[in-house]
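Colleague: I would like to learn how to read the features of this model one at a time. Please give the general idea before each case.

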Amino acid sequence: MGWTANDIPDQTGRTAVVTGANSGIGYCAAKELARRGALVVLACRSEERGQAAADRLVAEVPEARALFQRLDLGDLGSVRAFAEEFDGDRLDLLVNNAGVMALPYTQTADGFETQFGVNHLGHFALTGLLMPKLLATPGARVVSVSSGMHAVANVDLGDLNSERRYRRWIAYGRSKSANLLFIHELARQLEASGSDVVAAAAHPGYAETNLQTAGARMEGRKRIERVIHVGNRIVGQSPEAGALPTLYAATAPDVAPDSFTGPQFLGWRGAPRRSWRASWTKDDRAGELLWTASEQLTGVGYKF
Ligand SMILES: NC(=O)c1ccc[n+]([C@@H]2O[C@H](COP(=O)([O-])OP(=O)(O)OC[C@H]3O[C@@H](n4cnc5c(N)ncnc54)[C@H](OP(=O)(O)O)[C@@H]3O)[C@@H](O)[C@H]2O)c1
């Protein structure tokens with residue numbers, strides 16, 4: 001029998017922030033962390049959906065300590081406000097989970113292509129702004145949720161915002177490669193600074209969530225949305241199962257820096273285990289260049 005949510009070590013006294021925790025994998029991860037005793041901050045862009053998720057979580061796990069705090073990763077002003085208002089003394093765990101997939105072309109409030117802006121740059125800024133709290137908390141971790149779909153495309157360092165040409169699946173793959181390259185470079189910088197903060201990545205395989213239908217919904221393509229729903233039911237695993245690799249990377253004692261955890265069967269479904277990743281997501285030079293560009297684009301510099 002593989003690793004399950006029952007194997008999560010006691011989280012009492014620990015504080016976790018989970019981005020995009022109002023639905024799908026983020027909600028399930030937040031719930032299991034709270035069930036094991038963590039104080040969980042649900043960092044969500046919609047006040048209505050975020051508060052409803054916090055209320056639902058406490059209804060499902062009455063002993064849970066969970067609260068909503070607003071965070072729109074597509075707006076750097078909102079990311080800064082979140083970090084300033086985050087008033088915990090400690091931060092044991094930051095789960096960079098929120099994401100969008102294969103949307104029609106749009107831009108964030110700061111003018112970045114949305115998938116790159118939300119999936120990578122928003123989390124890059126958030127992690128940097130929360131880094132002092134993470135560094136001050138013994139045994140803290142940062143976990144970024146990438147995807148097996150990172151293999152579709154490497155980051156294009158010459159066209160980070162897909163200005164030359166926008167192809168929605170390529171842009172998604174690039175943003176998920178950026179998640180892995182970010183963790184690779186963050187782990188290197190943490191090690192160089194002598195910090196014990198662990199940076200690791202995970203992916204859920206294929207889980208039935210709102211992710212797959214968001215694009216069709218944006219474009220009002222109701223038939224496509226229904227077809228995706230049916231397909232999800234047939235081939236997807238539950239969001240609870242999809243959250244397990246994230247929970248493993250976030251809490252298992254033996255998680256190595258810069259590791260990538262995913263489901264065991266073809267990276268698609270099953271219990272968490274070490275996952276394959278494209279070699280370009282471990283390229284030191286590309287990691288440094290993405291880091292420098294991300295600091296310039298967000299205006300957030302890291303202090304270790
Ligand atoms: N499901 C899969 O099969 C699968 C496979 C590989 C990777 N992933 C990754 O898993 C992560 C979680 O996705 P999911 O499958 O659980 O999908 P989901 O149910 O759609 O959850 C995505 C979450 O991200 C939030 N979000 C989107 N834009 C945001 C923004 N600008 N600021 C803050 N939050 C924002 C969403 O909020 P709203 O509800 O307000 O939109 C939602 O809470 C993503 O990073 C995704 O790339 C999922």
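**Reading the sheet, the cores and a helix contact**

Colleague: Which residue of β4 does Ala16 stand opposite?

Modeller: Strands of a sheet pair through backbone hydrogen bonds, either parallel or antiparallel. Here Ala16 faces Leu93 in β4. Strands (E, at least two residues) and helices (H or I, at least four) are DSSP runs, numbered from the N terminus; two strands pair if DSSP finds at least two bridges between them. β1 (residues 15-19) and β4 (residues 93-96) are parallel partners over three bridges. The model is predicted, with local features needing pLDDT of at least 70 and side-chain atom pairs pLDDT 80 or more, while totals for chains, interfaces and linings use all residues. Residues are numbered from 1 along each chain as its sequence is written, and side-chain values use heavy atoms, leaving out hydrogens and water.

Colleague: In what sense do β1 and β2 pair?

Modeller: They pair in the parallel sense, over five bridges. Val17 stands opposite Val41 in β2.

Colleague: What is the strand order of the sheet?

Modeller: The order is β3-β2-β1-β4-β5-β6-β7-β8, an open sheet of eight strands with mixed pairing. β3 (65-70) and β8 (269-274) are the edge strands, each pairing on one side only. On average, neighbouring strands are turned by 25 degrees against each other, direction ignored. The helix α9 packs on this sheet and touches β4, β5 (141-145), β6, β7 (260-265) and β8. The direction of α9 makes about 160 degrees with that of β5. Axes are lines fitted to C-alpha atoms, for helices over the stretch in contact, and angles run from 0 to 180 degrees between N-to-C directions.

Colleague: How many residues of α9 are buried?

Modeller: Buried means under 20% relative accessible area, exposed over 50%, partly exposed in between (1.4 Å probe, protein chains only). In α9 (residues 244-251), eight of eight residues are buried, including Leu244, Pro245 and Tyr248. β1 is likewise mostly covered, with five of its five residues buried. Thr15, Val17 and Thr19 point one way from β1, and Ala16 and Val18 the other way.

Colleague: Which residues have the most contacts inside the largest nonpolar core?

Modeller: In soluble globular proteins, nonpolar side chains tend to be buried together. A nonpolar core is a set of buried Ala, Val, Leu, Ile, Met, Phe, Trp, Tyr and Cys residues joined through side-chain atoms within 4.5 Å. The largest one has 47 residues, and Val17, Phe82, Leu130 and Leu186 have the most contacts inside it. Elements that each supply at least two residues include β2 (39-44), α4 (114-135) and α10 (284-298). α4 gives the most, nine residues. A second, separate core has 40 residues, among them Val143, Val198, Ala243 and Val255.

Colleague: At what angle do the axes of α4 and α10 cross?

Modeller: They cross at roughly 85 degrees and come within 10 Å. α4 and α10 are therefore roughly perpendicular (65 to 115 degrees; under 35 is roughly parallel, over 145 roughly antiparallel, the rest oblique). The contact (heavy atoms within 4.5 Å) involves, among others, Phe116 and Phe124 of α4 and Trp291 and Glu295 of α10.

Colleague: Is Asn161 buried or exposed?

Modeller: Asn161 is buried, with a relative accessible area of 10%. Asn161 is found in the loop between β5 and α5 and touches Tyr105, Phe112, Glu113 and Phe116, not counting residues up to four places away in sequence.
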